[in-house]
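User: I would like to go through the labels attached to this structure and see what each one rests on. Please set the values against the cut-offs.

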Amino acid sequence: MSRRHPAWDAVGVGTVVVPTVVLAPLMTQAPWADDQLNVYAFGGVYLDRPWEVPVDAFRAVPYFLNLGNFRPLGRTYEWAQNVAVFALSDVFGIPVNVGLRLAALVTAIVLTGCAVLFAAYATGRTRPLRTAPPVPVALLPFAVGGGLVAAGPVSTTVLFSGLYFMTSSLVLAVAAWACATVGLPRLSLLRGTLAVLAGAAIAAFNEMACLAIPLCVVAVGLRARLVFAVRLRNMLRDSGVRFVLLLCAGFLPVIVPVRMAIAETCSRGDCYEGSAVSLPGAAAAVPDRLISWLPPLMWQWATAGTRGWLAAPVTALAAAALLVVAGLLLRALPALPSLDARQTLTLAGVSATVLALAAGIASLNVWMQQAAAAGQYGVGWRDSALTTVGGSALVVAAATALPRARRLTAAVTLIALSGVTVVSAAANSAYHQRSATERVPYLHNRIAQEIADVDPTADGDHRRCALRTRLLSVKNPLDTQRIDQTLDAATAQAAGRRFCTRAPNWPGPLPLYRDATA
């Protein structure tokens, strides 16, 4: 049994430490939008019976199809994550705002690891972990980490972070798996069956996950043609190509009828805008999404209205932490191999594909089209994790492709990426400090603390009732019943009592989801 090459240890440390340093300033960030109540709702309902989460997620398919939405597996993951976060609050007293950020951190580490493995598998001629990582692959944790910026409240770094970091990880992991099959003597029955099932699962996860299929097509084609020099007439006999065909065999029978049903729903104007496809303004939005992953553009959204943010103490702390990790990698760089021209072209090709696919799907959304029309470059959205991976990997491929002084270029690139990462951590700190002064985030952080440690006294009830009153004053009156029932479900699960005894005792079960078109 072959062992992992020791040079991977430095890359592994960077994969864990870099996202941790960048996202640490957001660890007490208040939840936003649907995250504000979903943890309490799903945690309160499913904590004692989590096995019902996938069952109910699939039962809800007709309801969500009427909104132009499918995603049963993605919804299963999201609801299960909410239950896990609520369990941390219930068992260990960790407020749900912190639990959500822990989920975001873990999935950001997974995302970084998947980006590294995808690049390694796409460009390698042997199994990656058996040999030293190439220089561009080793630099990727710093490149990806610098793009984990809170570029507005709908950025994946802020909203639905765990879900969309994991979705992006899924896309990259499936593509890495497909690349690993290129050049195999044969495709086993088990691997082929898993490929068909994986294709169906991708179609049932969410829209962003569907990008795995075209990415696999391009990545397998580039690896076979450029890295392994497979002739065009022999491509169909390659195991990697057959693997992709089996992926499509599982994917298409699910996605085609679903998208036809959604297109019919959207043609009546009944679609939720977050899922609707808008073709007229897509072309104009593509340039915006192609460059919105650039950290300097995202910093402006994270730091808007904040002065002196770069001089904050977090800058020095982040620099000190990253200096240690960068030092480990800097010492290892001279012994790491470079990519040859064919491998570099493959890395550039797959990176550009990731960037183009993610930017393309985001440009189909009406919200991103409106942002592009308003000149809002750098605003984050659900594509931000993948565009960051694709764009940053493309930059690394270009920077390390110079035929001369490659070691010096690699060292300079590492230092530059480390500096970008430090600034991104400072920008995240500025975003957190600014948003913490806003009324709604403050209220939700206070509610999270109260539910994590329910005070059974009259004073505790008085505090919670006061928080309820203040929360309802900034919410739509139509949401009052759902808010009351959600908070009651959470405190009933945590402490066997209502959140506020003076609130109406609403009849009926807790509505776990509301009409997104309302």
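Analyst: Rings of Phe, Tyr and Trp (its six-membered ring) pair if their centres lie within 6.5 Å; planes under 30 degrees apart count as stacked, over 60 as edge-to-face and the rest as tilted. A search of the whole structure finds seven aromatic pairs. This is a predicted model, in which local features need pLDDT of at least 70 and side-chain atom pairs count only at pLDDT 80 or more, while totals for chains, interfaces and linings use all residues. Residues are numbered from 1 along each chain as its sequence is written, and side-chain values use heavy atoms, with hydrogens and water left out.

User: Why is the pair of Tyr63 and Phe64 called edge-to-face?

Analyst: The ring centres of Tyr63 and Phe64 are 4.9 Å apart and the planes stand at 85°, so the pair is edge-to-face.

User: What makes Tyr63 buried, exposed or partly exposed, and which label does Phe64 get?

Analyst: Buried means under 20% relative accessible area, exposed over 50%, and partly exposed in between (1.4 Å probe, protein chains only). Tyr63 has 28%, so Tyr63 is partly exposed. Phe64 has 10%, so Phe64 is buried.

User: What kind of aromatic pair do Tyr77 and Phe205 form?

Analyst: The pair of Tyr77 and Phe205 is tilted, with 6.5 Å centre to centre and 40° between the planes. Tyr77 lies in helix α5 (residues 72-92) and Phe205 in the loop between α9 (189-203) and α10 (212-227), so the pair ties together parts that are 128 residues apart in sequence. Tyr77 is partly exposed at 23% relative accessibility, whereas Phe205 is buried at 10%.

User: Which residues do ring pairs link into a cluster?

Analyst: The cluster consists of Phe42, Tyr46 and Trp79.

User: How many helices and strands does the protein chain have?

Analyst: The protein chain has 21 helices and zero strands. Helices (H or I, at least four residues) and strands (E, at least two) are DSSP runs, numbered from the N terminus.

User: How do you know how compact the protein chain is?

Analyst: The radius of gyration is 24 Å, close to the 24 Å from the globule rule for 518 residues, so the protein chain is as compact as a globular protein of that length. The radius is taken over C-alpha atoms, and the rule is 2.2 Å times the number of residues to the power 0.38.

User: What share of the protein chain is buried?

Analyst: Buried residues make up 55% of the 518 residues.
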